Amino acid sequence: MKTTYREAMRAGLRDAMQRDERVFLMGEDVGRYGGSFAVSLGLLEEFGPERIRDTPLSESGFVGAGIGAALGGMRPVVEIMTVNFSLLALDQIINNAATLLHMSGGQFNVPIVIRMTTGAGRQLGAQHSHSLEGWYAHIPGLRILAPATLADARGMLWTALQDPDPVLIFEHGSLYNMAGELDDDAGAVDIDKAAVLRRADGQGDSGDTLTLITYGGTLPMVLDAAEQLAGEGIDADVIDLRTLRPLDAHTVVDSVARTHRAVVVDEGWRSGSISAEISARICEQAFFDLDAPVERVCSLEVPVPYAKHLEEAALPSVKRVVAAARRAVGANA
Amino acid sequence: MSTLRGQTVPDPEHALHLLRQMLRVRRLEEKCIELYSAAKIRGFLHVYIGEEAVAAGVMETLSPEDAVVATYREHGHALLRGVSAGAILAEMYGHAEGCCRGRGGSMHLFDAATRFYGGNAIVAGGLPLAVGLALADRMAGRQRVTVCFFGEGAVAEGEFHESMNLAALWQLPVLFCCENNLYAMGTALGRSESQTDIALKAAGYEISAWAVDGMDVLAVEEAARRAVDAVRSGGGPHFLELRTYRFRAHSMFDPELYREKSEVSRWMERDPLSLLRGTMQAAGQLPEETWAALTADVDAEISTAVGFAENGTPEPVSELTRFVYSDRTDDGSTGTAATGGGQAGKGGAAR
């Protein structure tokens, strides 16, 4: 069936609410407004205000209340408008959600799911545009998901709700309108493994293969870049990481062992980013398979600006990905 | 010199029980200080000495299925909620027999069996948790109460205000117990708050709130019972400001430069144990042999607990990465627990 990323997220939410009465959605404007990105539009009418619960603008309060509700046996899904706003709830996410199981010696699980948008590209300025999922991926005790496909948008929520530990789902704002075909019976998906969405045909001997590694909002541009590179005789594996923590380094290393080159594409800033972690893992685990230095395409190290041309210049692009890939295979950039 | 509301206590048997509860906390913590000085236990150690009437009075009003959230000064809350002194001390020793298997220490005591949710060291961080625990009860239609203890220092944090607002907005079954001991570490209330009437702040959120003499265990219990009954019967959140005082320093590292010794000794004249004991003695309600038996009993309990902790086993380093994730830890071992909420009295499976 034809659907959008937004509709797939909504279908996932509806499905979870129907399947398990402990599941409820709570957050800013999720009810009467219909969700600031219209993900929960219509759910208030369907499930009522107890389960589609509008909150005040108090991120720490309602995220903490979600954690408490999870401790109390519920299965809360908490929506925060953007990752920038989630910084007001860092105390609860890091000092409580991520640590309670460990600090309590295994006594208290926190089965909460926290959803938020991330990323730039819509001229919203620095306080609505950052990609901080890499920061969260630094924290032991959290599981960090980044659905980039319709299937993942539809299926990750239910899988996340089965996880007894806190899960953060990062939805790139530019993906909501992405449309495509999704199986009618699409359901829960694996959240442990990265996905290889495109596989290079060559075996690597001809010097024109590489692995493109990305996640979330930059996946569509990486797939476009792979297509363009194929036209130039450069064959690319494309890996969608899907889960930033725990990281499936095995799939990455396995691919690089075949292609011998890697380009990591990450909308976060380069310094201290998830792309830095991926690059380090490749160096640790596949160094002798490499035929070229690992390339990274990240956002420039500036707060994301408003003006369209400045914002575009700050973000990864198909052009920058293609150029990095050409450098990796030794072609003319 | 103050007395406890008149010259006699109405129910001597119950008063004796409260006296015992306060003495258990007092003796446990005096022992903690001793063990800390002997370097048997480390980290931060914040004792509750002087404030025992608060935990003793409030805990008395709770049922086993209720939930308790506390701060880093929580040895007394844990003990009176039903965590054994042995499990508490073993935790401070870093032993496997500790209530958190050595991962929490003095500031992070937890116990699923008694629905004791910490042990939180971030001031005000426990308030939203209490709101959420109460929300879960409300949504599940359970008649349970969540009690949240915090210090007056937490009132300056945004999470305090966010939690008051949410609890009142949603009429959640939570009792907020502000232990106002006048100092947020070394900063006096008047140096950190524009409005020092804390009950008034809570009332500003349309929450029933009142201030109580936190040195009078009978007064604390009476107020708590009234509040807990109201919360349990659907009256929405309630708030108690318990005016108390800590006789010791903030922690074992505190040189206490911020307050006069005379102020401390003035408050010590209202030691909650002495107040109750003195009133009972004066009224002939506490024969000397009863008191002697009580102290002997409590001393034996603490001495057994120390033995338990001393003879415990260090949590093995091979277990280090357990409980980071439930059953997908990095080393492949499994570690999971019941999600506390559902049933009171169910301990974690991994314990």
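The contact takes 49 residues from chain A and 45 residues from chain B, where contact means heavy atoms within 4.5 Å. This is a predicted model: local features need pLDDT of at least 70, side-chain atom pairs count only at pLDDT 80 or more, and totals for chains, interfaces and linings use all residues. Residues are numbered from 1 along each chain as its sequence is written, chains are lettered from A in the order in which they are written, and side-chain values use heavy atoms, with hydrogens and water left out.

Together the two chains bury about 3,800 Å², with 61% of it on carbon and sulfur atoms. Buried area is the accessible area (1.4 Å probe) that two parts lose on being put together, summed over both.

On chain B, the elements giving two or more residues to the side that touches chain A are β2 (116–120), α5 (126–140) and α6 (158–169). Helices (H or I, at least four residues) and strands (E, at least two) are DSSP runs, numbered from the N terminus. The largest share of this side, 8 residues, comes from α5(B).

Here is that side of chain B by class.

| Class | Residues of chain B touching chain A |
|---|---|
| Nonpolar (Ala, Val, Leu, Ile, Met, Phe, Trp, Tyr, Cys, Pro) | 23 residues |
| Polar (the others, Gly among them) | 12 residues |

Now chain A itself. Chain A has 13 helices and 14 strands. Its C-alpha atoms fill a box of roughly 60 × 45 × 40 Å, taken along the principal axes. Buried residues (under 20% relative accessible area, 1.4 Å probe, protein chains only) make up 64% of the 333 residues in chain A.

Notes:
Buried < 20%, exposed > 50% of the residue type's maximum accessible area, 1.4 Å probe, protein only.
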